[in-house]
Amino acid sequence: QVQLVESGGGLVQAGGSLRLSCTASGGTFSTYAMGWFRQAPGKEREFAAGISRSDGRTDYGDSVKGRFTISRDNAKNTLYLQMNNLAPEDTAVFYCAAVRDYSYSGTYVRRTPNEYSYWGQGTQVTVSS
């Protein structure tokens, strides 16, 4: 069973950048498909970005496409989310998520919370105007 710990959140001005990290332990990181979700107060959890297990295939939510980049470093058991050109509407708690991928190809990118089995505790991102 994998444990996930996010870091890198904080307060940033509009137009600025942040890089979130998610460090995994207790499992073989390279066997998991990974994702980032976010949840603003009073709103449902929203898909931000996902990355496949095997070939680094990525997908993004419409609201972050072109501004956020997800990546993974299997040697460091770490998932990243580079966030550029941040706006106040990006303010949310960001969660890292993982699911063991048993598929042959490992190329599927999961977009919904129900497709993930493990979650971190979240890291707060606040963007001031």
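**Salt bridges and cores**

The structure holds 8 salt bridges. By that I mean a side-chain nitrogen of Lys or Arg within 4 Å of a carboxyl oxygen of Asp or Glu. In general, side chains of opposite charge can pair when their charged atoms come close.

Before the details, a word on the model. It is predicted, so local features need pLDDT of at least 70 and side-chain atom pairs count only at pLDDT 80 or more, while totals for chains, interfaces and linings use all residues. Residues are numbered from 1 along each chain as its sequence is written, and side-chain values use heavy atoms, with hydrogens and water left out.

Start with R38 and D90. They form a salt bridge, with the closest N and O atoms 2.8 Å apart. This pair links distant parts of the chain: R38 sits in strand 4, D90 in the loop between strand 8 and strand 9, 52 residues apart. Strands here are DSSP runs of E, at least two residues, numbered from the N terminus.

Are these two buried or exposed? Buried means under 20% relative accessible area, exposed over 50%, and partly exposed in between, with a 1.4 Å probe and protein chains only. R38 counts as buried because its relative accessibility is 6%. D90 is buried too, at 0%.

D90 has another partner. Its side chain meets that of R67 in a salt bridge, 2.7 Å from N to O. Again, distant parts of the chain are linked: R67 lies in the loop between strand 6 (58-60) and strand 7, 23 residues from D90. R67 counts as buried, at 17% relative accessibility. Salt bridges with shared partners join R38, E46, R67 and D90 into one network.

Now D55 and R57. Their side chains also meet in a salt bridge, 3.0 Å from N to O. D55 is partly exposed, at 41%. R57 is partly exposed as well, at 45%.

On to the nonpolar cores. A core is a set of buried Ala, Val, Leu, Ile, Met, Phe, Trp, Tyr and Cys residues joined through side-chain atoms within 4.5 Å. Which members of the largest core touch the most other members? Of its 29 residues, they are M34, W36, L79, L81 and M83. Among the elements giving two or more residues to this core are strand 3 (18-25), strand 4 (32-39) and strand 8 (78-83).

Apart from that core lies another, of 6 residues, including A33, A97, V99 and Y116.

Last, M83. Leaving aside residues up to four places away in sequence, M83 touches G16, S17, L18, L20, R67, F68, F94 and V125. Contact means heavy atoms within 4.5 Å.

Notes
Helices (H or I, at least four residues) and strands (E, at least two) are DSSP runs, numbered from the N terminus.
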